[in-house]
Amino acid sequence: MAVCALVASTAAAAAASTGATGPAGATGSTGPAGSTGPTGPTGPAAPDASISSNWAGYAISGSSGVVRHFKHVAGSWVAPAVTCTAGSATYSAFWVGLGGLSRSSTALEQTGTEADCDSNGVAHYSAWYELVPAGPVTVRLAVNPGDAISAAVTVRDGNVSFSLIDHTSGATFSRRLRFTHPDTTSAEWIAEAPSTCRGQSCVPLPLSDFGTVDFTAAAVRTVRNITGTVVNPDWNAEPVALDETSLAGGGARIFGPRSLVTAAPTVLTDAGSSFAVTWSEQALNQPGGPGGRTFPGFGT
C-alpha cells in the first residue's frame, strides 16, 4: 500500500496497513484481550530471504523472466494478540494481496486485519481493504485476538472483489469495486509494519510484538487458470524478512533509541500452503543477518 497519513482517535493515532505503496487509514476499534488460537510448531527460518523494511512473509511472481498474471489469492491466519507497552505506539497488519511487488508498481489490491498498540498500552484490532493508490478502508467486521480469519482478493473484468471471513464469530465481509488498472503481476501473504506518509515520502512505523502468526491455506489462480500454492513451477516464490536495519541504508533509528525489530518467515510446509512469521527483537549493535536481494518494499 502507499501514501499514508495518520488518523488520530481519542485513544491513539493508529495507522492502517500499508504495503508496497499505500496510505494509512482510520484506527480500528479496541478489541478485548485474548490469546491467539492454537498454532503449530514454528519451523526453521526460510533461507536467503529478501530484506524489506516493512514486509515479512512470501511473495510470488513470474519465473525465468516470464511475467505471470494472477487473478485470485487467498489465505488464512489466526489473528494474533499483540503485546503492548505503555508509552510506545506500535502497529502491525496481516494480509493477502495482488500486485505491489515490483519497484515500478503503482497499484496493490489487498485485504486483511490489523493489530495496533496505542501509547497507553491498549491494543486495537480491526479489518480493512485497500486499492492503492487510494487509502485503506476500515470495514465493519470486529476482530478479536484468537479469531480464525480467511481472506481473498480476486480481479476479474475490471473489478476487484474482497472477502473476509471470521470463522470464530461467523462474521463476513465482501465488496466488489471497479478498478481499471490493477497490478496482477504478483501475489503476497504478508505480516507488515504499516507506514506513515507525508506526500510521497513514507516511513514504516514501529512493528507491534505479535509473537508468531501462522499463515495457512495459501492459494492462487492465474489468469490462465493455473492454480497452486506458494510453490509452483510456473512462478517464483520469494521469502521476505522484515529488518529495521534496512531503513535509510541500514541502522537508522528513526523512532529514537530502542532495540531493532525483525520479523522472519519460516520455510514452507503443507505443499507450500503454510508458513509462520515470527516477531523478534535484537540489540541495536547487532547487524542484520545475510539474506537475498533488498526487497523493493515501501520505505526501502
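## Strand β7 and its neighbours

Ala-93 stands opposite Glu-114, a residue of β7. The model is predicted. Strand β6 (residues 93–99) and β7 run antiparallel, joined by seven bridges. On β7 and β8, the pairing is again antiparallel. Ten bridges connect these two strands. Here Cys-117 stands opposite Ala-123 of β8.

Strand β7 covers residues 108–117 and is mostly covered itself: ten of its ten residues are buried.

## The disulfide

The count of disulfides comes to one. Cys-84 and Cys-117 form it, with sulfur atoms 2.0 Å apart. The torsion about their S-S bond is about -75°, so the disulfide is left-handed. Distant parts of the chain are linked: Cys-84 is in the loop between β5 and β6, Cys-117 is in strand β7, and the two are 33 residues apart.

The cut-off for buried is under 20%. Cys-117 has a relative accessible area of 2%, so this cysteine is buried.

## A tilted aromatic pair

The structure holds eight aromatic pairs. One of them joins Trp-77 and Phe-215, whose ring centres lie 5.6 Å apart. Their planes meet at 50°, so the pair is tilted. Trp-77 belongs to strand β5 (residues 70–78) and Phe-215 to strand β16 (residues 212–222), so the contact ties together parts 138 residues apart in sequence.

Trp-77 and Phe-215 are both buried. They also belong to one aromatic cluster, together with Tyr-58 and Phe-275.

## A stacked aromatic pair

Tyr-129 and Phe-173 form another pair, with ring centres 5.8 Å apart. Which class does the angle between their planes give? The planes are at 15°, so the pair is stacked; the cut-off for stacking is under 30 degrees.

Tyr-129 lies in strand β8 (residues 123–132), the strand that pairs with β7. Phe-173 lies in strand β12 (residues 172–178). The pair therefore ties together parts that are 44 residues apart in sequence. Tyr-129 counts as buried at 7% relative accessibility. Phe-173 is buried too, at a relative accessible area of 10%.

Definitions and conventions
Residues are numbered from 1 along each chain as its sequence is written. This is a predicted model: local features need pLDDT of at least 70, side-chain atom pairs count only at pLDDT 80 or more; totals for chains, interfaces and linings use all residues. Side-chain values use heavy atoms; hydrogens and water are left out. Rings of Phe, Tyr and Trp (its six-membered ring) pair if their centres lie within 6.5 Å; planes under 30 degrees apart count as stacked, over 60 as edge-to-face and the rest as tilted. Helices (H or I, at least four residues) and strands (E, at least two) are DSSP runs, numbered from the N terminus. Buried means under 20% relative accessible area, exposed over 50%, partly exposed in between (1.4 Å probe, protein chains only). Two strands pair if DSSP finds at least two bridges between them. A disulfide is a pair of cysteine sulfur atoms within 2.5 Å.
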